[in-house]
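Me: I want to go through this model by its helices and its ring contacts. Shall we take it one question at a time?

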Amino acid sequence: MMQGANIFIVYGSGNNVTVSPRLAKQEHVEPVYNPQAQISILDGSGIQDGILTANIRCDSCVTWPGGHADVTSSSSPWIWAVKNGPFLDSDDTSENLPMHDFYGTATLDLKQATGGSSGNPFLGDSGTSTTAQTATTVDLQSVSRKRIAHAVIMIVAFVVLLPLFALAVPVVPSPQIVSIHACLQLCTLALTVAGLGIDISMAKDLQLIGFYHPIIGITTVSCLILFQPAMGLAQHLYFRRTGKKSIASYIHRWFGRTLITLGMINAGLGFRLAGIGLSIAPVGAVIAYSVVAGLVWVSYALIISWLYCRRR
C-alpha cells in the first residue's frame with residue numbers, strides 16, 4: 001500500500017509545523033526525505049489548541065520518483081497515518097520517525113479539487129475544496145491480533161498437522177487408519193479455512209488482497225478443500241470395490257504433498273510481506289520458522305522416499 005507513495009509528514013516544532021516530503025521506497029520501511037520535492041507552507045499553517053494545520057502547496061506532485069498522480073481522476077487513492085503522543089518537536093525534515101498508531105485510506109475527487117485563482121485557496125472563499133468520498137481507518141491492535149492468529153493457525157496446520165496426518169496412512173498399520181486419517185485431515189482443513197478467513201479479513205483491512213501471499217493462500221486452501229476430500233473419497237470407494245489403487249489415489253497423494261509444500265513456502269512469504277526485521281516479523285522468528293519448516297519438509301520427504309523404496 002505504501003510503496004511508491006509521495007508522502008507529507010507533518011509534525012510540531014514549537015508553535016510552528018514542520019512538513020517533511022518523503023518517498024516510500026519499500027513496504028514497512030520508514031520513508032526517506034525527498035530533497036527534490038518542491039513545496040511551500042502557506043499562511044494558515046500552525047498549531048492551535050493542540051491541532052496541527054499544514055496548508056501545503058506542492059509544485060512537484062504530478063510526478064515523482066516511483067509514481068505519479070492523475071489530476072483528472074474522480075477517485076484518486078490516498079493513504080494517511082497518525083502517531084499518538086506528544087509532538088515530535090523538530091524542524092529537521094529528515095527526523096527519524098516512530099511507527100504510526102493508526103492509518104487508513106481515502107478516495108478523493110481531484111476533478112472537484114482542481115481550479116481556483118487564489119495563491120492560497122485554504123484562506124477565504126476564492127478556492128475550491130473537496131472532501132474524501134470514501135475513507136477507512138485501520139485498527140492496528142485488531143490487525144495485530146488477526147496477524148498472530150493467522151500465523152499460528154496456518155503454521156500449525158501446514159508444518160505440523162497436514163504432514164503428520166498424511167503420513168499416518170502408510171506408517172500406521174491399522175484397518176481403521178483411513179477413517180482416522182480422513183477425520184483428522186477434515187478437522188485440519190476446517191482449521192485452514194478459519195486461518196484463511198482471518199487472512200482475507202486482514203488483507204482487506206490493509207488493502208493487500210491482491211498481493212502474492214493472500215493470492216497463494218487462497219489458491220492453496222481452495223485446492224485443498226475442493227480436490228483433496230473428493231480424490232480421497234473416490235480412491236476409498238474404488239478400493240472397497242476392487243481392492244486396488246486408482247488414478248485418484250495418485251492425484252490425492254501428490255497433489256496433497258504439493259499443496260503442503262506450497263503452504264510452507266507461503267508462510268515464509270507471509271513473513272516477507274509483514275516486513276522481516278520489524279517487531280511483527282523479527283528476524284529470530286523468521287529463522288526459527290525456516291529451520292523448523294525445512295527440517296519437517298526434509299523429514300517428510302525422506303520418510304516418503306523410504307516407504308517407497310521399502311515397497312519396491
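Reply: Helices (H or I, at least four residues) are DSSP runs, numbered from the N terminus. The expected span of a helix is 1.5 Å times one less than its number of residues. This is a predicted model: local features need pLDDT of at least 70, side-chain atom pairs count only at pLDDT 80 or more, and totals for chains, interfaces and linings use all residues. Residues are numbered from 1 along each chain as its sequence is written, and side-chain values use heavy atoms, with hydrogens and water left out.

Me: How far does helix 2 reach from its first C-alpha to its last?
Reply: Helix 2 covers residues 140-171, 32 residues. At 1.5 Å a residue, 46 Å is expected. The reach is close to that: 45 Å.

Me: At which residue does helix 2 bend?
Reply: The bend is the angle between axes fitted to the seven residues ending at a residue and the seven starting there. For helix 2 the angle is about 40°, at A157.

Me: Which class of aromatic pair do F227 and F255 form?
Reply: Rings of Phe, Tyr and Trp (its six-membered ring) pair if their centres lie within 6.5 Å; planes under 30 degrees apart count as stacked, over 60 as edge-to-face and the rest as tilted. F227 and F255 lie 5.8 Å centre to centre, with 80° between the planes. The pair is edge-to-face.

Me: Is F271 buried or exposed?
Reply: Buried means under 20% relative accessible area, exposed over 50%, partly exposed in between (1.4 Å probe, protein chains only). F271 has a relative accessible area of 15%, so F271 is buried.

Conventions. Helices (H or I, at least four residues) and strands (E, at least two) are DSSP runs, numbered from the N terminus.
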